[in-house]
Amino acid sequence: MAFERSDPNQSKPSKLRWGELEEDDDLDFLLPPREVIGPDENGIKKVIEYKFNDEGNKVKITTTTRVRKLAKARFNKRALERRNWEKFGDAVREDVGSRLTMVSTEEIILERPRAPGSKPEEMKVAGDSLAQLTKGGAVLMVCRTCGKKGDHWTSKCPYKDLASPAETFVDKPTASETSVAASGSSKGAYVPPSMRAGAERTAGSDMRRRNDENSVRVTNLSEDTREPDLLELFRPFGAVTRVYVAMDQKTGASRGFGFVNFVNREDAQRAINKLNGYGYDNLILRVEWATPRSN
Amino acid sequence: MRPILMKGHERPLTFLKYNRDGDLLFSCAKDHTPTVWFADNGERLGTYRGHNGAVWTCDVSRDSTRLLTGSADQTVKLWNVQTGTQLYTFNFGSPARSVEFAIGDKLAVITTDPFMDLTSAIHVKRIAKDQTEQTEESLLVIKGPQGRINRAVWGPLNRTIISAGEDAVIRIWDSETGKLLRESDKESGHKKTITSLTKAADGSHFLSGSLDKSAKLWDTRTLTLIKTYGTERPVNAVAMSPLLDHVVLGGGQDASAVTTTDHRAGKFEAKFYDKILQEEIGGVKGHFGPINALAFNPDGKSFSSGGEDGYVRLHHFDPDYFNIKI
């Protein structure tokens, strides 16, 4: 029985015998297997791979992709056959990367018209898709970049590199020169804020406007009351998009009043009914509609 | 929803048509080359080369093997859908404005424009199964309407032909004798050129869109006016959803408003209306120019619009589209 003793001058034995291996150290050259964490409900797919980089160090590469299903294609037999037809005409020399067909970077919605005497049902329908996203009083996350609500905040927007920067300045037109430049007025003529930055703005202001109509004013707040307190107080009544507490800049204390914006008007109404006269932090709250509203 | 943008045409779109199975979309434009796309992902399948003028119209047979296109070069061509080869060319004395296969694909109705001394006319041609037997002769030629006939379609069971055009009158003709059966009422009818016509899935009613900024829904048999939908823009294209009671209008820009319009990019929209309540449901913006063509996929789950900007926008509806209530 002769052992093959490895020469101490050799860096690594060419043929490993498991009996000679010490613990895990010598298994460094083996890599963990590739993991695929399949698309979750948001369509996020993670692929974790391990490999050696140039310096010989083990690196872990995590690739996160969003798998998005644009359409469900249910074909009958003949349609499936057509799928395999050869390209003809001008499409013959087309390479896969040709830019003829592309998915729009903007999310286009079927914009509901703003009827002047809007019925409560219509408001509810508009808010319905929003309400569905925030089940049970969670905070509604509004993303400014893609305008899609309920999924993510602006900084976490998966499409943040796709939207033009001009869009983000829509809220403060006076404060930005870039939006004027970006609006592409070739003559250098003045373009008023209302005419800049395209359709996105109408949709955005549409959504905000509806929320502003469901705005509730809270007065007689104690000095220490802040936004999170109001949020916690009003959340049980429904989805809240925005809370604001007026602050005195000098003292940092609350000026005693604030505003809460609800997604649904009914929730706002219930909040008013329940919380008006409610004792909070040893002061009696006054809760009412932000501007006098006729129902 | 995220529309798929297809920029295959260099010039404005004129017409869009889905095939019966809903997997192919045919687009016609002023650039002489009708194109066919896959209707699910917008991938281009091929183009039909051969016309020498703007292609105004097209129609595809029910089995998706034959394509008929009508063009300003005074010809109507019959193509093999799969290979793109021309099978036959019908020659006319003036540009062809509208074509439609009959039920059964054995006949086709073609309208031609007024040109020089020729008045506008409606032709009925026989389409043979085997292209070697194809002849040029017309089964029937109907003359009469003044001005361009923008669209002519077959009525139920191929018994009638419905035509509409520049004189703002919708007419129903007998398809065998060519006799005029009915005319739309001048009072309640359109006041300006009728630009487009679309039939309901079952053929019992049809929708006409006109430059007078309205679209009207008519009964096919009696030609009574059922509904009217009003917009602020001249209507260039109309479409009806085969699944829900929705009507879509696509339009342009009033000439007088050109200088005062704000140039918000992507402002031209396809407007959705409730068919029965006549109320506007909403609009889908995105085109950079007036919308000239609209088509619904026969399964009702997607639609496409073609504009003056040369783009075809293919929209697959979000699930909440099907839950819209007024």
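Predicted model: local features only at pLDDT ≥ 70, side-chain atom pairs only at ≥ 80, totals over all residues.
Good morning. I shall begin with the chain as a whole. The secondary structure of chain B consists of 28 strands and zero helices. Of the 326 residues in this chain, 62% are buried. The accessible surface of chain B amounts to about 12,600 Å², and carbon and sulfur atoms account for 48% of that area.

Let us now turn to one sheet. Four strands of chain B make up an open sheet, and their order is E22-E23-E24-E25, with antiparallel pairing. Which strands lie at the edges? They are strand E22, residues 235-240, and strand E25, residues 280-287, each of which pairs on one side only. On average, neighbouring strands in this sheet are turned by 20 degrees against each other, direction ignored.

Within the sheet, please look at strand E23, residues 246-251, and strand E24, residues 268-274. These two strands of chain B pair in the antiparallel sense over five bridges. As a landmark, B:Leu249 stands opposite B:Lys271, which belongs to E24.

Over all chains, the structure holds 16 aromatic pairs. One of them is formed by B:Phe272 and B:Tyr321. The arrangement is edge-to-face, with 5.9 Å from centre to centre and 75 degrees between the planes. What does this pair link? It links distant parts of the chain: B:Phe272 is in strand E24, while B:Tyr321 is in the segment after strand E28, residues 312-316, and the two are 49 residues apart.

Are these two residues buried or exposed? B:Phe272 has a relative accessible area of 0%, so it counts as buried. B:Tyr321 is likewise classed as buried, because its relative accessible area is 5%, and the cut-off for this class is under 20%.

The pair also belongs to a cluster. Ring pairs connect B:Phe272 and B:Tyr321 with B:Phe296, B:Phe303, B:Phe317 and B:Phe322.

B:Lys7 is placed over the face of B:Tyr311, at 5.1 Å from the ring centre. B:Arg97 is placed over the face of B:Trp56, at 4.0 Å from the ring centre.

Thank you for your attention.

How values were computed
Residues numbered from 1 in each chain as written. Chains lettered and ligands numbered in written order. Heavy atoms only, no water. Pairing = 2+ DSSP bridges. Axes fitted to C-alpha atoms, helices over the stretch in contact; angles between N-to-C directions. Phe/Tyr/Trp six-rings, centres within 6.5 Å; stacked < 30°, edge-to-face > 60°. Buried < 20%, exposed > 50% of the residue type's maximum accessible area, 1.4 Å probe, protein only. Lys NZ or Arg CZ within 6 Å of the ring centre and 35° of its normal. Areas by Shrake-Rupley, 256 points an atom, 1.4 Å probe, with all protein chains shown as cover.
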